[in-house]
Amino acid sequence: MPDTSGPTGTPGSASAPRAPRAAAEPATAGTESTASPDGEHGLKRSLSARHLQMIAIGGAIGTGLFVASGATIAQAGPGGALTAYILVGLMVLLLMQSLGEMAAHMPVAGSFQAYATRFVSASFGFAIGWNYWFNWAITVAAELVASGIVMRFWLPGAPGWIWAAIFLTVLTSLNALSARAYGEGEFWFAAIKVITVIVFLIAGVAMILGIMGGTSPGLENWRAGEAPFIGGPLAVISIIMIAGFSFQGTELVGVAAGESRDPRREVPRAIRTVFWRIMLFYIGAIIVIGFLIPATDPHLLRASETDIASSPFTLVFARSGIAAAAAVMNAVILTAILSAGNSGLYASTRMLHALAVHGQAPRIFARTTSRGVPLAALLGTSAVGLFAFLTALIGEGAAYTWLLNVSALSGFIAWVGIAVCHFRFRRAYVHQGHDLAALPYRAPLFPLGPILAFAMCIIVILGQNYEAIFAGNLAHVASSYIGLPVFAALWLGHRLVTRTRMVPLEQIDVSGTNVAAGH
């Protein structure tokens, strides 16, 4: 838990800058969203309601669902995979309610870092900010690795690093245009993904009922061998990390709120879509895959395999009897990969920019272009995508698995930060005598929501790769848990240097941030 002893750092200190008071009305389109150093341009509030809605809907639909979901069924069976996704779905729902309360009240581009600095301590904010940047920067690399794997469907002889270089250039160029260009691109990327999942669910149900694709397997896959649960509860815990990686991206609505035209109204609307996305897209897809593909299928994706080109979505369409469907689905998977990489590049760039604005990253990353793009932060983050070139040396499957593990743990740490920040924010808000009715959005299950989400995240973080610990496999332990010592070093290192401590409840600034200034 955050720092609890010693002298307190004040919100107005250099290490924990205090945000301006809230403006009476939200900013309109085109106004600056973030103050920049040296009088330069700031971020622009150019994301419309439809952009924010589709970012919320499509932010979590990527390779975690289209590519990695098969590994969960292979490892834990259809029942185990379904249980894992339901548990993570519940946890994400609670976290998004917590995030929605803070983001609607205080919409800033560097939301997690700003909340952690204000509501906990400057050191906690420093660690959360750099952790979240690392999370999405590595995710971009992971998506680039996956792009090379998917392209093997059409061009099996081409090395994956070539496609990683091409797609990294495309994504960087798109993000360099403007926030609106990112939002527009993500709108159409997400629309393609949403339509695809809906078609998949309709076709899958038709196959289960025997309407298409030959004879229906019925309940056979849920009764064969050890199904529906393989490996028991421990297997469910171990694959929750994969399920968690699948859901990562739902919190993007909190980051995008800093460039939304009317965040006090649009953020709550976007947050309310999370539950239906979880229920329809993830739970529905896992049920369909569990019915149609047995856990023992040799083509089903497994974490230990290097050939992960056959997505369970592709397998289902191929077995429906429509030959061209497999190629179309692979194109959709590629679209989803580019979408996830696009969002990852946007989120990590904005976090690096926010860190620089708060004096916690090199000042150059705070600079923005006339269109409101933090170009230096974008280029610095894009450089991390070069990790994708590891595929040329150690093989696509191994690189993808390693990058997925590292990124997933960093994402869970960020989720822990959301729960801690919300708990502290609400306690301070009430402690200082503010009326809860004044909040644009109020999380309905406080304090149970953030407490339960915090506990679930901690359990998953500690138990996500128990097999490697018991087996003494140091390489796997390192890839799974490397995020923990990195986060601890950032937090404690900053605390030792700056001597900041937890901000007392009565000193926490719970005023809504001036949305015209952004911080």
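## An exposed arginine

A residue counts as exposed when its relative accessible area is over 50%. Arginine 499 has a relative accessible area of 62%, so it is exposed. This residue belongs to the segment after α20. Most residues other than glycine have a negative phi.

## Confidence in the model

This is a predicted model. The mean pLDDT of the protein is 77. A value of 70 or more is reached by 79% of its residues. Among the elements of the protein, α20 has the highest mean pLDDT, at 91. Helix α15, residues 391–394, has the lowest, at 55.

Two stretches call for care. Over residues 1–41 the pLDDT is below 50. Beyond near neighbours in sequence, that stretch still has 121 contacts in the model. Residues 514–519 also have pLDDT below 50. Their contacts, again beyond near neighbours in sequence, number 36. Where pLDDT is low, the predicted coordinates should not be read in detail.

## Salt bridges

How many salt bridges does the structure hold? There are 3. One joins the side chains of glutamate 101 and arginine 426, at 2.7 Å from N to O. This pair links distant parts of the chain. Glutamate 101 sits in helix α3 (residues 69–105), and arginine 426 in helix α16 (residues 396–431). They are 325 residues apart. Both glutamate 101 and arginine 426 are buried.

Another salt bridge pairs aspartate 509 with arginine 118. Their closest N and O atoms are 3.4 Å apart. Aspartate 509 and arginine 118 are both buried. Lysine 193 and glutamate 186 form a further salt bridge, with the closest N and O atoms 4.0 Å apart. Lysine 193 is buried, as is glutamate 186.

## A buried valine

Is valine 120 buried or exposed? Its relative accessible area is 0%, so valine 120 is buried. The residue lies in the loop between α4 and α5. Valine 120 and glycine 417 are 297 residues apart along the chain. Their C-alpha atoms are separated by 9.5 Å.

Helix α17 covers residues 448–463, 16 residues in total. From its first C-alpha to its last it reaches 22 Å, close to the 22 Å expected. Its buried residues are Gly449, Pro450, Ala453, Met456, Cys457, Val460, Ile461 and Gly463. An α-helix has 3.6 residues a turn, so residues three or four places apart point the same way.

Proline 447 lies in the loop between α16 and α17. The peptide bond from phenylalanine 446 to proline 447 is cis, with omega near 5°. Most peptide bonds are trans.

## A nonpolar surface patch

Which residues make the nonpolar surface patch of about 340 Å²? They are Leu90, Leu445, Leu448 and Leu452. Leucine 90 comes from helix α3. With a relative accessible area of 38%, leucine 90 is partly exposed.

Terms used
Residues are numbered from 1 along each chain as its sequence is written. This is a predicted model: local features need pLDDT of at least 70, side-chain atom pairs count only at pLDDT 80 or more; totals for chains, interfaces and linings use all residues. Side-chain values use heavy atoms; hydrogens and water are left out. Helices (H or I, at least four residues) and strands (E, at least two) are DSSP runs, numbered from the N terminus. The expected span of a helix is 1.5 Å times one less than its number of residues. Buried means under 20% relative accessible area, exposed over 50%, partly exposed in between (1.4 Å probe, protein chains only). pLDDT is the predictor's confidence in each residue, from 0 to 100. Contact means heavy atoms within 4.5 Å. Patches are made of residues with over 30% relative accessible area and no salt bridge: like charges are joined within 9 Å, nonpolar side chains (Val, Leu, Ile, Met, Phe, Trp, Tyr) within 5 Å. Accessible areas come from the Shrake-Rupley method with a 1.4 Å probe; for residues, only the protein chains shown count as cover.
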